[in-house]
Amino acid sequence: MNHFDYRDGALFCEDVPLEEIANAVGTPVYVYSSATLERHYRVFKDAFAPADPLVAYAVKANGNIAVIATLAKLGAGADTVSAGEIQRALAAGVPPERIIFSGVGKTEAELAYAISVGVHQINVESIAELDMIERVTALHGQRAAIAIRINPDVGAGGHDKISTGKSGAKFGVSVADALALHARASKMTLVDAKGFAVHIGSQIKDLGPLENAFRVMRKLAEDARAQGLPVKRLDLGGGLGVPYFNEPEPPSPSAYAAMVKRVFDGFDIALSFEPGRLIAANAGVLVSRVIRQQARPANRILVVDAAMNDLIRPAMYEAFHDIKPLRRGGDERVVMDVVGPVCETGDTFTRARDLPPLDAGDLVAFMTAGAYGAVMASTYNARALVPEVLVRGDRYEVVRRRWKVSEQLELEKLPEW
Ligand code: LLP
């Protein structure tokens, strides 16, 4: 469900024609719908009612402060993976007591920052990290609430590069080690050992592996309690997939919530979740203008002004993004490759796609680009960093302006020699 629809043949975001934004702001440009962001958050949250879990939006999916603020106003927390993301969440109005700090490589400075602002929970991924946290709490005389992230040896996700729960992956500790770490943390003076965390992958389209991982979590919490160790919280991570195209629909938030309720039936525990893609993906599109069409003996190539530096998912994960024209024409279809201007073959959004006839100057939208789109953008090939626009009803605002190449040059200097 999203708020990008055709009205009289023109593609709108809520009540704003995308063409109006493209003409005013220029292309390429990311456009987000407030209504879709809000709807996705509410659907997820309501699926768990009357329980009231902490829904910590995974800022890595879309870290624009206007996007985070839209969700924070509804009560969302933030799942963060760097001091920078904590700063973003705070700037967007997320209270520290709703911020989770995850990630395998938190530095001492980042941990000190997180502890000083009083985040809700730090998800600990190793014994070395736990000991570093103890040192930081002692050094600054501040308390830290933590959860031990387990690696349940359950793989899942839409691509190898985004599957995190297998034992060979860099994330978390084994179930046995998690119990030992929790016991160790429970003895630390300024560390509050709250429980356990898990996250097994992203773009997960099957509830089976998630259910297996959650059963491991329940058993672990029961075992810890049986040993007299308090367990107050379980963080069940993110990962629920979204539909990118006409494939079987991924499980709905209500099916997911029903599974969670089944697994934790009768178990008194505070739950938290870290959804990212589910909230942001269908709330955003990347609008791009066709530069030219090239007919080759073997194929027809559409060169657009967006490139892999603006949306890297097709190049990096062989991801599929639906491509829609901003002005809908007739039923005629042409088979085309769609590529960007960057100088490598990897800068190909799609091959042999059935598209309406498109030519120089036409506008297209790469759909479902609200998650892991702008956040993964770079300035490769000295391209200006892509701007972002947020729509609410019939209004829109540029919430990140285009970052000019001249501004990038200001960061560099010629050496003295
Ligand atoms: N929590 C943790 C600890 C994570 O590592 C992630 C995602 C999430 C939550 C949010 O997962 P989500 O609900 O969005 O699936 N760049 C890739 C996706 C990387 C996901 C990394 N971790 C892509 O474009 O597909």
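Me: Ok, which residues are closest to the ligand?

Reply: Ser202, Glu274, Arg277, Arg313 and Tyr372 are the closest, and 18 residues surround the ligand in total. Keep in mind that this is a predicted model.

Me: How does that shell split by class?

Reply: Evenly enough to remember: six nonpolar, six polar and six charged residues.

Me: What does the side chain of arginine 313 do with the ligand?

Reply: One of its polar side-chain atoms lies 2.6 Å from a ligand oxygen. Tyrosine 372 also comes in through its side chain, with an N or O atom 2.6 Å from an oxygen atom of the ligand.

Me: And glycine 239, which part of it faces a ligand oxygen atom?

Reply: The backbone: a polar atom there is 2.9 Å from an oxygen atom of the ligand.

Me: How much of the ligand does the protein bury?

Reply: The protein buries 92% of the 590 Å² that the ligand exposes when taken alone.

Me: Switching topic, how is the chain divided?

Reply: Into domain 1, which covers 4-31 + 281-409, and domain 2, which covers 34-279. Their contact takes 23 residues from domain 1 and 24 residues from domain 2.

Me: How far apart are their centres?

Reply: The C-alpha centres of domain 1 and domain 2 are 32 Å apart.

Me: Back to the ligand: which domains does its shell draw on?

Reply: Both domain 1 and domain 2, with at least three residues from each.

Methods:
Residues numbered from 1 in each chain as written. Predicted model: local features only at pLDDT ≥ 70, side-chain atom pairs only at ≥ 80, totals over all residues. Heavy atoms only, no water. Near = heavy atom within 4 Å. Polar contact = N/O pair within 3.5 Å; in protein donor to acceptor, adjacent residues only side chain to side chain. Areas by Shrake-Rupley, 256 points an atom, 1.4 Å probe, with all protein chains shown as cover. Nonpolar A, V, L, I, M, F, W, Y, C, P; charged D, E, K, R; others polar. Domains from an automatic or database assignment. Contact = heavy atoms within 4.5 Å.
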